[in-house]
Amino acid sequence: MATMEELKLRVRELENELIKCKQKQCATEQLHRPKIEKMSAEVVDSNPYSRLMALKRMGIVDNYESIRTFTVAVVGVGGVGSVTAEMLTRCGIGKLLLFDYDKVELANMNRLFFQPHQAGLSKVEAAEHTLRNINPDVSFETHNYNITTLDNFNHFMERLSHGGLEDDKPVDLVLSCVDNFEARMAINTACNELGQTWMESGVSENAVSGHIQLINPGETACFACAPPLVVAANIDEKTLKREGVCAASLPTTMGVVAGILVQNVLKYLLKFGRVSYYLGYNAMQDFFPSMAMKPNPQCNDRHCRRQQEVYKAQEAERPKNEVIQVEEEEVLHEDNEWGIELVSEEANEETQAAAAAVADLPEGITVAYTIPMANKGDGEMVEETEQSLEDLMAQMRKL
Ligand SMILES: [Zn+2]
């Protein structure tokens, strides 16, 4: 039992701690810069936008300040999503919507952005706090929920349609930075229905490859049109996330993927350079394959098929000299119209071991994550017919 004196001493110690904390908090608050009404190109040390606005002077971007008019939704604020959100915040994006249901854990500390003292906080809450400190000019809207449940999915759709910066407008772009098949499918479904352009990103479970992909419903292949790029048959996602078993991750690969993702976002929003439809990253060989894929006219998603009709009609009305065609850099395979097959006859053993049923993709493109698959595991390959693609998709939908 502590004596009265000891307790008094302890109270004094705690009071001192409290004062120190309060002082620290004041000091941090004073560091917060006030909001900046108008982006300026003035070259002074106190201007956080001088180096971004210099892109205009260098002739790269015509109107950098328009970045403030855009709203981007980031779904998944993990290894890729948090860094993506930070880059967009530092670039001065108008508004960010953040969706994630996870909490910060010490097991996340091998990646960038989150810090140990944030362990236990929700990722969106912790991220918003950090990002506001970095740039108070950005508006934030955070949703701490799983988008795949029915109620949340409806709310998610509603926010994509009305969460824009001004006048209840839709967001300008959705970024998928999630780590599982179900959430990707949910984003795909929502964006197909809304006709919302989005970008998908992924990092492989062995941490040494990744990709980004631009999906403009009706114009390019959606996530349901082209499963081979996302199918790695042998590992069951749910098994993988079992107690004591986890995917590998590297801050480097995640940083690279976040970097190429946000680069593509900036090019798309600010209209400079060539926007990539698909860009892969193979860390083992430092190889960056790129390509574009047309949508599948038999896609299982009816909204995808509807958007394809809409796109065709728009293209037909466009004056011929303005027609921009999706580039096809390489014909992947002749078996089906969108140039992809599920299984290569000649897939070498090494590739098969790494990623199971690997499609006949250009060198360097490997499947980026797994989907829940039953009845695989004996290395048996899916039949090489168009029908098998449908079967596979149907199978995936059931799971
Ligand atoms: Zn589709």
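**Figure 1. Both faces of strand E6 are covered.** On one side of E6 lie Ser209, His211, Gln213 and Ile215, on the other Gly210, Ile212 and Leu214, and all of these residues are buried. Buried means under 20% relative accessible area, exposed over 50%, and partly exposed in between, with a 1.4 Å probe and protein chains only. Since seven of the seven residues of E6 are buried, E6 is largely enclosed by the rest of the structure. Helices (H or I, at least four residues) and strands (E, at least two) are DSSP runs, numbered from the N terminus. The model is predicted: local features need pLDDT of at least 70 and side-chain atom pairs count only at pLDDT 80 or more, while totals for chains, interfaces and linings use all residues. Residues are numbered from 1 along each chain as its sequence is written, and side-chain values use heavy atoms, with hydrogens and water left out.

**Figure 2. Strand E6 and its partner strands.** E6 pairs with E5 in the antiparallel sense over six bridges, and with strand E7 (residues 278–282) in the antiparallel sense over five bridges. Two strands pair if DSSP finds at least two bridges between them. Ile215 in E6 stands opposite Trp198, and Gly210 has Tyr281 in E7 as its bridge partner. E5 and E6 form a hairpin, with five residues between them.

**Figure 3. Two residues with positive phi, Ala207 and Lys271.** Ala207 is in the loop between E5 and E6. Its phi is positive, about 70 degrees, although Ala207 is not a glycine. Lys271 sits in the loop between H8 and E7, and its phi is near 55 degrees, again in a residue other than glycine. Which of the two is buried, and which is exposed? Ala207 is buried, with a relative accessible area of 3%, whereas Lys271 is exposed, with a relative accessible area of 70%.

**Figure 4. Eight strands form an open sheet.** The order of the strands is E3-E2-E1-E4-E5-E6-E7-E8, and the pairing is mixed. At the edges stand strand E3 (139–143) and E8; each has a single partner strand, so one side of each is left without a neighbour in the sheet. Strand E4 (residues 173–176) pairs with strand E5 (residues 198–203) in the parallel sense over three bridges. Within that pair, Val174 has Trp198 in E5 as its bridge partner.

**Figure 5. Helix H3 (residues 81–91) packs on the sheet.** H3 touches strand E1 (71–75), strand E2 (95–99), E3 and E4, and its direction makes about 170 degrees with that of E2. Axes are lines fitted to C-alpha atoms, for helices over the stretch in contact, and angles run from 0 to 180 degrees between N-to-C directions. H3 is mostly covered, with nine of its eleven residues buried; among them are Val83, Ala85 and Leu88. Gly92 follows H3 and has a positive phi, near 85 degrees. Another helix, H4 (residues 123–134), lies across E2 and E3 and runs at about 170 degrees to E3.

**Figure 6. The largest nonpolar core has 47 residues.** Those with the most contacts inside this core are Tyr64, Val72, Ile93, Leu96, Leu98 and Leu175. Helix H8 (residues 251–270) gives the most to the core, with ten residues. A nonpolar core is a set of buried Ala, Val, Leu, Ile, Met, Phe, Trp, Tyr and Cys residues joined through side-chain atoms within 4.5 Å. Leaving aside neighbours within four places in sequence, Leu175 is in contact (heavy atoms within 4.5 Å) with nearby residues including Val72, Leu88, Met199 and Leu261.

**Figure 7. The site of the zinc ion is tetrahedral.** Which residues coordinate the zinc ion? They are Cys222, Cys225, Cys299 and Cys304, each through SG, at 2.3 Å. Donors are N, O and S atoms within 2.8 Å of the metal (3.2 Å for Na, K and Ca); water is not among the atoms, so sites may look incomplete. The angles among the four donor atoms are 103 to 115 degrees; four donors count as tetrahedral if all angles lie between 85 and 135 degrees. Along the chain the donors follow the spacing C-x2-C-x73-C-x4-C. Cys225, in the loop between strand E6 (209–215) and helix H7 (237–240), and Cys299, in the loop between strand E8 (290–291) and helix H9 (302–317), are 74 residues apart and link distant parts of the chain. Both Cys225 and Cys299 are buried.

Conventions. Four donors count as tetrahedral if all angles lie between 85 and 135 degrees; four count as square planar and six as octahedral if opposite donors are over 155 degrees apart and all others between 65 and 115; anything else is irregular.
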